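Hi everyone, thanks for coming.

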Amino acid sequence: MACARVPLDEQQVTEAGPLGKQRTLPALHPDRKEERCFVPYKPPPEGYSPAEVEEFLEHAKFILEDLEWLLALPHDKFWCQVVFDESLQRCLDSYLHHAPRGLDLAVLPPSPAVADVQRGVHRAVFLTFLRMATHKESKENFFTPAVFGEIIYDNFLFDIPKILDLCVLFGKGNSQLLHKMIENIFTQQPSYYNDLDETVPTVLLVFDTVLDKCGHQCDGAAAMEPMKLNAHKQPTAMTMSQQELADIILYLCDSTTTIHAFQDIFPAACSSFQSHAFLSRLTSFYETAVPDLEKAVRKRNFDDKSLQENLWKRLSHSCRKMVEMAHLLLHHTCLQPILEGRENMQTFAEDLLQHFTSFLPEKRFLADYDEHFPIAEDISLLHQALPVIDETRTSYLLQGVESAWDCVGRQKPQSHLHSRASPSFSDNQRAEGGAAAASSGGFKPQEVPDLRGRREDPQGAEAMLDVPRKGNNGAVCPVSQAELESLLSCIRDLLPDLGEGFLMACLQEYNYSTELVINNILEDRLAPNLEKLDRAMPRPVKEELPVVLNNRSNVFDDDEFDVFRRDQVDMSRIWKGRRKGESAREILNDKQHIEEQRARYRAYETVVDEVIIEPGESAAYDLDDYDDEYDDTYDVNQVGANDLDGDSLLNRRPFTIPQVLRKGTKAEDEDEGDDDDEQENALQNNTNRDQFVQDPALLRERAEAKRAGMQQRKGIQPERPSKVVGRPKGQGQTLETFLDRRKKETNKNRVANHNRRSMADRKRNKGMIPS
């Protein structure tokens, strides 16, 4: 073996030949391949026959042992086996073709041995493809990237159909690994992008094939081939055989699930799909074929009810995946560039609005799309990112969405709550998705089930945000009692035999729209939950609210404005705003409140220091009674007797006139320094000057020094002083003087003249002032 750090495509090996002679071969050579036969894969049996189960187990164990042996080979031996062993490629291709998909796992026999073996083969196949898509396993084992791309492309180790099958089989739980794996394949070999462009028209043929089998013919720009003149009329979904209908639905389910898985795992492919107008073809197919297939599955009589339920589940799953495909295409080609703030955001926003506008004729698709991915949220996002979006156009789009809900006869949810953190659902929902939603309840052919796979009931905070409003009639409704009575009267005028309870349930179901209620009752198209109700059902008895006025406790109880306890209230004392007939002057001149308080304060005017009590009047003053609250603590003490006299207090600290209040007298303290003498002289010279106001010139000097220091710290050059005076006349002027004079002449109108110069020039130019 050659030394390390050499690509495998450049390595040479020396080994013994058939005759025992040593020879040198490239590391990738057919003679280095091991002779081993890989058996093709067969799917698990659908029946419960022990012989079939045992045969599958033995067959699957052979495949599992061979793949584990292959994965254990060293790097060079592994690639020799992969490139030159055709039986290995047939084995891997057979697994991609026949392995059960997500919806097929429910029909497999519930045998633990079958499940374990199938799980082991599934894992081994995925690891094999993962190793085949890796061009560098370690620092010693690697390929030259360009040579690696040629090997996988020329030997058909990977192609677009294989990549599609890998996504649908291994996408659940391995989306990140698959994304890196497919991205590495397309990066090392860009020719796969051309193959993808050639594959998209073939994918579009799926829709044409289903339409043709259902008796529809594409016309206009969506038609891939012109209609033959001698073509006979094809059977419709209602007239074809049950087996053919089942094949069409299975074909549609497998195709939509595969395309959605590929777009979800490898978003870079969305641009290739959009270049072929995939979105418009998808919406047109949804609007044309889905109603016929729904009607066929719902109305036809099936001998096997389990087959009918399985077809309905797969059709629901297909519709769910088609709606999610449309969202993925819009998200990765229009919304994601806007969220990332790329250039030409206006162009991406225009494309998004154009796509939404193209949805307006497709009422059924538009309602289903808006249910899972509310268009109002996307438009709100556009307004936040680009405020220049035309509001008239967006309002027209939102009105079109409301019209689509009315056309399909469904009630739009009050609140759309959908996470925009990721363009698709979680990994667990990605594989099962609509199938789980469709199979959550029992299937009843007589009813009109909702195949769109409505979202589950909100939990937690979502449930709190979707609480309906309550009217004043006690019921949960957005209308008042009078409006509800008017709606009931309008319907009972046409349909008097229906009970008010039944009509109230119908109004609540159809968002209190009398037109929809009357139309659906006359055409017998009521919702399944309304069909079960008794049409003569009376109005439910309104529950009396508990009386809480007797139990309340309020500071305003029983006052003059307590309307809960008083039948009459003095309305003359209640007014809103300024009282009529009064002016502001009258209100200010009204001193009545002062007169009311005057008598109270007159009692404090007379102060009597000593009251002479005549004999016999002591009882009037309660002098004989003992007052137990009188404080006699200091009655026997001479308060202040031992305090110093006033002269003693002055001797301890002589009285001094504050310096501020001193006049021009001589200071008493002769020990003051020269500074005090200068201050005294200043005071004598300015005897009447208020020393609290400092000299403005001194303040300006301090401010100028402070400003100069700040400019020096910041490195700002001080402004050069203006030199407009210059030298005496006849001695010539410097350039600085000339420039300063011109600057003063130009800017003098900024200070005092205020455009006087410019207005004078204007008058002179018009000839008003002789020059």
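By salt bridge I mean a side-chain nitrogen of Lys or Arg within 4 Å of a carboxyl oxygen of Asp or Glu.

Before I go on, a word on the model. This is a predicted model, where local features need pLDDT of at least 70 and side-chain atom pairs count only at pLDDT 80 or more, while totals for chains, interfaces and linings use all residues. Residues are numbered from 1 along each chain as its sequence is written, and side-chain values use heavy atoms, with hydrogens and water left out.

Back to our pair. Arg 364 and Asp 368 are separated by about one helical turn, because they sit four residues apart in helix 14 (residues 363-372). Helices here are DSSP runs of H or I with at least four residues, strands are runs of E with at least two, and both are numbered from the N terminus. Are these two buried or exposed? Arg 364 counts as buried at 12% relative accessibility, and Asp 368 is buried as well, at 0%. The cut-offs: buried is under 20% relative accessible area, exposed is over 50%, and partly exposed is in between, with a 1.4 Å probe and protein chains only.

Salt bridges can also share partners, and here they join Glu 485, Arg 492, Glu 500 and Arg 539 into one network. How many salt bridges does a search of the whole structure find? It finds 28.

Another one is between Asp 254 and Arg 101, with 3.8 Å from N to O. That pair links distant parts of the chain: Asp 254 is in helix 9, Arg 101 is in the loop between helix 3 (86-98) and helix 4 (112-132), and they are 153 residues apart. Asp 254 is partly exposed at 37%, whereas Arg 101 is buried at 13%.

Let's stay with helix 9 for a moment. Helix 9 is mostly covered, with 17 of its 24 residues buried.

Now the strands. Strand 1 (residues 12-16) and strand 2 (residues 22-26) run antiparallel, joined by five bridges; two strands pair if DSSP finds at least two bridges between them. Ala 16 has Gln 22 in strand 2 as its bridge partner. The two strands form a hairpin with five residues between them, and Gly 20 in the turn has a positive phi of about 85°. Arg 23 forms a salt bridge with Asp 31, the closest N and O atoms being 3.4 Å apart.

Zooming out, the protein chain has 30 helices and two strands. Of its 771 residues, 33% count as buried.

Last stop, Phe 561. Phe 561 lies in the loop between helix 23 (528-531) and helix 24 (584-589), and is partly exposed, at 35%. That's all from me, thanks!
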